Structures are given as C-alpha cells and as structure tokens.
Amino acid sequence: MNTISDLWGGRSGLARTYWLWGVLSGIPWGIALSLVTPGSAPAILAVLALVVYYVMVHVGIWRAASQYQGAKVWAILAKIAVLITPVCLVLGTMLAVALPAYQDYKKAQRH
C-alpha cells in the first residue's frame, strides 16, 4: 500500500513516477486493451480501470513535479505532459473509435 500512497503523494520521485508509472505502464495497458472486444463489458471495465489508473498517476506526476528539486524545466515539462495527455487520449479515441463507428453508421444508413 505504500507504493500507491507514495505514487499518489508524489513521493516516488519525478523520473520514476513519469517514466515507470506514466510511460512504461502503457505497455501492459495497451496489451490488455488489445485483448478485449471493443464495446464488450470487459473492454468497458478495462477502460474505466485505465482512467482511474491514469488519474492516479497524473496526480502523482503533478505532485512529484511540484516537489522536484532538480532543473525546473523537467518539472514544467512533466506538468505540461499531464495537462495535454487527456486531450491526446480523447482525440485519439475519437479518431480511432468514434470516427470509424460514425462512418460505418452513415454507410449503413445509405443502404
């Protein structure tokens, strides 16, 4: 439980929080999401779990950046990444899922 508490509180260090929990953790999440059928109950559950996980990680990154004692540029860049990541995730989801679904829907309407 200390790991989760340290992550949430920004006490795991900026580099570790950002690279391990923020970046490298994307690999198992990506694998897990690729194994579920889009729109299925397991897929919805996996996406909800991913959202909860990334909220926790992004709060941890923000807090770790606020406590960071090194070069200020790293703390600033980490906070910028925290701010733009949700936008990128929403846009990526829209382009990868919603747009093709809408195109299929429109195609079906024509027939």
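**Salt bridge and nonpolar surface of the predicted chain**

Arg 11 is partly exposed, with a relative accessibility of 49%, where partly exposed denotes values between buried (under 20% relative accessible area) and exposed (over 50%), with a 1.4 Å probe and protein chains only. The structure is a predicted model, in which local features need pLDDT of at least 70, side-chain atom pairs count only at pLDDT 80 or more, and totals for chains, interfaces and linings use all residues. Residues are numbered from 1 along each chain as its sequence is written, and side-chain values use heavy atoms, with hydrogens and water left out.

The side chain of Arg 11 forms a salt bridge with that of Asp 6, at 3.2 Å from N to O; a salt bridge is defined as a side-chain nitrogen of Lys or Arg within 4 Å of a carboxyl oxygen of Asp or Glu. The count by this rule is 1 salt bridge. Asp 6 is partly exposed, at 27% relative accessible area.

A nonpolar surface patch of about 780 Å² comprises Trp 62, Val 73, Trp 74, Ile 76, Leu 77, Ile 80, Leu 83 and Ile 84. Patches join residues with over 30% relative accessible area and no salt bridge, like charges within 9 Å and nonpolar side chains (Val, Leu, Ile, Met, Phe, Trp, Tyr) within 5 Å; accessible areas follow the Shrake-Rupley method with a 1.4 Å probe, and for residues only the protein chains shown count as cover. Helix α5 (residues 72–110) contributes the most to this patch, with 7 residues; helices are DSSP runs (H or I, at least four residues), numbered from the N terminus. Leu 83 lies in helix α5 and is exposed, at 55% relative accessibility.

Key
Helices (H or I, at least four residues) and strands (E, at least two) are DSSP runs, numbered from the N terminus.
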